[in-house]
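This report covers selected features of the structure shown below. It takes a single side chain, then a helix pair, then a sheet.

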Amino acid sequence: MTVPVSSRLLAAARREPSRPTPVWFMRQAGRYLPEYRAIRKQHTLLEICADPHLAAEVTLQPVRRLGVDAAIVFADILLPLVPMGLDLAFVEGEGPVVRNPIRVPADVKRLAVIDVANALAPVAEAVRLTRSALPATVPVIGFAGAPFTVAAYAIEGGSSRHFADTKRFMYAHPEAWAELLTKLVRVLGEYLTAQVAAGAEILQVFDSWAGVLSPADYRRYVLPHSRALFSQLGLLGVPVIHFGVNTSELLPLLVAAGGDVIGLDWRIELDQGWSRVGFERGVQGNLDPVALFAPPAELDARVRDVIARAEGRPGHIFNLGHGLLPNTPVDAVRRVVDLVHTLTA
């Protein structure tokens, strides 16, 4: 793969000097953008994901409007569950719902072994279309969920506060749990490989729910499987970002699992998080998404604080500590992009 040498994001991901600091946002394509809302009036989220031209258009919208340094393909971390046999829907006010969740070991046995290239071909085609529409300086980010987070959604049937069903299954059926995550590692690895083959130059793995685990449970039930996935991704020749939420106490374990860049949420200051990760890796983050609702002076101060804590060290990718919220003011998002670029030029 030819790497665009002028891509600030790829340089930062490899801990090479990168000026100005690259910036992009998780959920940068979404409901806060009026042009996205116009498309959603005509199509469901799953319809957009299934139509590569629509998905590519939604992917490109924030790049045009905000001047961010990367485009992340519009998809959802739960899409691989659909061809495996789970009934996924997106319910207004609830988010993703799996109508036939995994609850007993026999449910794991029934999961289909899928041909990822065919089953999830629309996502790869959306990556291709996006790559062809962008300048070489703006890379396409491919992504997937981590094995634990995808398994948790499949077992809970949706989001959860305590993830009690997931933990019960994990504790009571360790062999079926290992079988489930082994299947997911294979599917997710092939899914991300297809995105790279289609033109994605960097990947992000979202372990959004890993923060519900104790270090001991992460080490026993998750680490071997996440490490297996990152080992596969390490063969692809592209940088990989490993992101979790509420994982300050798990950062050394996330590092052990793998990833060239570790995502930090806003619950830890960036310099402290980077120290825990180790300066031989890059970090991404970590502005509180709600700071975008603050008055401009307060927002500016918080952006400056994140930048100051990076200390100009190579390897920082500016982002939020989680995704953009639905009602985020577009002007505030653009303000952050411009300020980061100005401060670090």
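## Tyr 221 and its surroundings

In this predicted model, the side chains of Tyr 221 and Arg 220 are joined by a polar contact of 3.2 Å. Tyr 221 lies in helix α11, which spans residues 215-233. Its relative accessibility is 7%, so Tyr 221 counts as buried, the cut-off being under 20%.

Leaving aside residues up to four places away in sequence, Tyr 221 touches Met 170, Tyr 171, Trp 177 and Leu 181. Glu 175 is 46 residues from Tyr 221 along the chain, and the C-alpha atoms of the two are separated by 10 Å.

## Packing of α8 and α9

Two packed helices are described by the angle between their axes and the distance between the axes. Helix α8 (residues 147-156) packs with helix α9 (residues 164-172) at an angle of about 105°, and their axes are 8 Å apart. The two helices α8 and α9 are therefore roughly perpendicular to each other.

On the α8 side, the contact involves Phe 148, Ala 152, Ile 155 and Glu 156; these meet Ala 164, Asp 165, Thr 166, Phe 169 and Met 170 in α9. By class, the α8 contact with α9 has 6 nonpolar, 1 polar and 2 charged residues. Met 170 of α9 is also one of the residues that Tyr 221 touches.

## The sheet

An open sheet of 7 strands is present, with parallel pairing and the order β1-β4-β5-β6-β7-β8-β9. Its edge strands, β1 (71-72) and β9 (316-320), each pair on one side only.

Strand β8 (residues 282-287) runs parallel to β9 and is joined to β9 by 5 bridges. Gln 284 stands opposite Ile 317 in β9.

Conventions. Residues are numbered from 1 along each chain as its sequence is written. This is a predicted model: local features need pLDDT of at least 70, side-chain atom pairs count only at pLDDT 80 or more; totals for chains, interfaces and linings use all residues. Side-chain values use heavy atoms; hydrogens and water are left out. Two strands pair if DSSP finds at least two bridges between them. Helices (H or I, at least four residues) and strands (E, at least two) are DSSP runs, numbered from the N terminus. Axes are lines fitted to C-alpha atoms, for helices over the stretch in contact, and angles run from 0 to 180 degrees between N-to-C directions. Angles under 35 degrees count as roughly parallel, over 145 as roughly antiparallel, 65 to 115 as roughly perpendicular and the rest as oblique. Contact means heavy atoms within 4.5 Å. Ala, Val, Leu, Ile, Met, Phe, Trp, Tyr, Cys and Pro count as nonpolar, Asp, Glu, Lys and Arg as charged, and the others, Gly among them, as polar. Buried means under 20% relative accessible area, exposed over 50%, partly exposed in between (1.4 Å probe, protein chains only). A polar contact is a pair of N or O atoms within 3.5 Å; within protein, one must be able to donate a hydrogen and the other to accept it, and residues adjacent in sequence count only if both atoms are side-chain atoms.
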